[in-house]
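The sequence and the model are shown first.

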Amino acid sequence: MLEINSIERGIVIDHIKAGYGMTVFNYLHLENADYNVALIMNAFSLKMGKKDIIKINEVIDINYDFLGLIDPNATVNIIENGKTVKKVKLEVPETVTNIIHCKNPRCVTSVEHYFDHVFHLVDKEKRSYRCEYCDDIVVPYPNK
Amino acid sequence: MLKNRCLIDPADFTREEFREIFDLAHQIIADPEKYSKSCEGKILATLFYEPSTRTRFSFEAAMLRLGGKVIGFSEPNSSSTAKGESIADTLRTIECYADIAAMRHPKEGAPRMASHYIQMPLINAGDGGHQHPTQTLTDILTIERLRGNVENKTYGFCGDLKFGRTVHSLVKFLSNYEGVKFIFISPEELRVPEYIREEVVKKKGIPFEEVDQMEPYMGQLDFLYMTRVQRERFFNEEDYIRLKDRFILDAEKMTYARPDTYILHPLPRVNEISTEVDNDPRAQYFNQARNGMYVRMALICKLLGIY
């Protein structure tokens, strides 16, 4: 049985869909952290079967749009003095900026690189998004 | 209010705003001389990064017939684009000289992106295989002049529905009106893009069919909108050659159409409409081209806040 201690002050991102923990880890650039970080993959979950968890021993800025995009059912707990002082409720974002990048080679974003990549939510259930410029529809993190 | 707005996509204006444009276009057709000085002192910039005959000339003719003037380029290599200048910088510069601009670009979304960097009104004159809203204005004005209104009609779209920006814009526009039905006739590889099918047609509950033959369906159509297979959008020449001649409208196929079915085409055509159809009174594609100038005159006036 793998054991990771509780943290005194920081952030716990729990109930991440199994398999997506590394994606969140990389997006938050936690590989560059000079504080304690734990990524637990495929932990047992009564509700989900298995889940990923990230424990960060520091209060850092987190892009909640990105987390909501990956998995709006994940939970984010802000920890102080060993206790949860705030729970952030995640939502599937209506608009995401510079998180998804358009892969349509016909899109203007393939040749002009100085402006934001903006995508708008098309279907909340499917988590599909539409490029603001070319209307290409993508599903970056399917709801499986 | 339409003054200083941009028209990039048919969804940018409401039905009422489009009605203003069409009403003015009908008035201009009835008495063009009355509007011959409406844009005196104003300048239209035409920025055509892709080839054009009808769209560029009709924009330029529209502005000149309104008493205004025109500057611009019809070939990107004659501008600082050849030196690597960005679209944003080009538009910001043009804004220093002109009151309104019309832009055609091969990359999808280029006019939308450009509109974020300027204050002056900008018109999308066609962006890649994506949208062509002023062609839609032309098409709708033509439909109104032939049949009175767009409602309660069956529209057939034939040819390259994947890269056919005029199809995308027209479908998007028509989907806001009651009683329309679409029949999409194309090879499977050239069907309408997913966002048109899912976000526009299905979401609005519009009855439609996707088929790969013309003859069985022509008797149902009020309008048949023919399109050219867009060679310039293909990355693979072999695919283009395989698909380009799948649907050709000729005199024999016209016998399947009703006496009141009209044939539209945004032009240019290659061979998808045989020249033997040109003298059929149901062939309206050259009238479409003429209507394009008048509706662009109305659009320019509205975006400049003149009427």
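At roughly what angle do the axes of helix α1 (residues 15-30) of chain B and α11(B) cross?

## Basis of the model

This is a predicted model, in which local features need pLDDT of at least 70, side-chain atom pairs count only at pLDDT 80 or more, and totals for chains, interfaces and linings use all residues. Residues are numbered from 1 along each chain as its sequence is written, while chains are lettered from A and ligands numbered from 1 in the order in which they are written.

## Helix packing in chain B

The axes of α1(B) and α11(B) cross at roughly 125° and come within 8 Å; axes are lines fitted to C-alpha atoms, for helices over the stretch in contact, with angles from 0 to 180 degrees between N-to-C directions. Helices (H or I, at least four residues) and strands (E, at least two) are DSSP runs, numbered from the N terminus. The two helices are therefore oblique to each other, the term for angles that are not under 35 degrees (roughly parallel), over 145 (roughly antiparallel) or 65 to 115 (roughly perpendicular). On the α1(B) side the contact includes B:Leu24 and B:Ile28, and on the α11(B) side B:Val295 and B:Leu299; contact requires C-beta atoms, placed from the backbone, within 7 Å. By class, this contact has 11 nonpolar, no polar and two charged residues. Ala, Val, Leu, Ile, Met, Phe, Trp, Tyr, Cys and Pro count as nonpolar, Asp, Glu, Lys and Arg as charged, and the others, Gly among them, as polar.

Helix α2 (residues 54-65) of chain B also packs with α11 (residues 285-303), their axes coming within 8 Å and crossing at roughly 50°. This angle makes α2(B) oblique to α11(B). Among the residues that meet are B:Phe59 and B:Met63 of α2(B), and B:Met293 and B:Ile300 of α11(B). Eight nonpolar, two polar and three charged residues make up this contact.

## Domains and sheet of chain A

An automatic or database domain assignment divides chain A into domain 1 (10-88) and domain 2 (95-138). Their centres, taken over C-alpha atoms, are separated by 26 Å.

Four strands of chain A form an open, antiparallel sheet in the order β6-β7-β8-β9; pairing requires at least two DSSP bridges between strands. Strands β6 (95-97) and β9 (137-138) stand at the edges with a single partner each, so one side of each has no neighbour in the sheet. Strand β8 (residues 128-131) pairs with β9(A) over two bridges, and A:Tyr129 stands opposite A:Val138.

## Contact between the chains

In chain A, 15 residues are in contact with 14 residues of chain B. The chain A side has nine nonpolar, one polar and five charged residues.

Key
Two residues are in contact if their C-beta atoms, placed from the backbone, lie within 7 Å.
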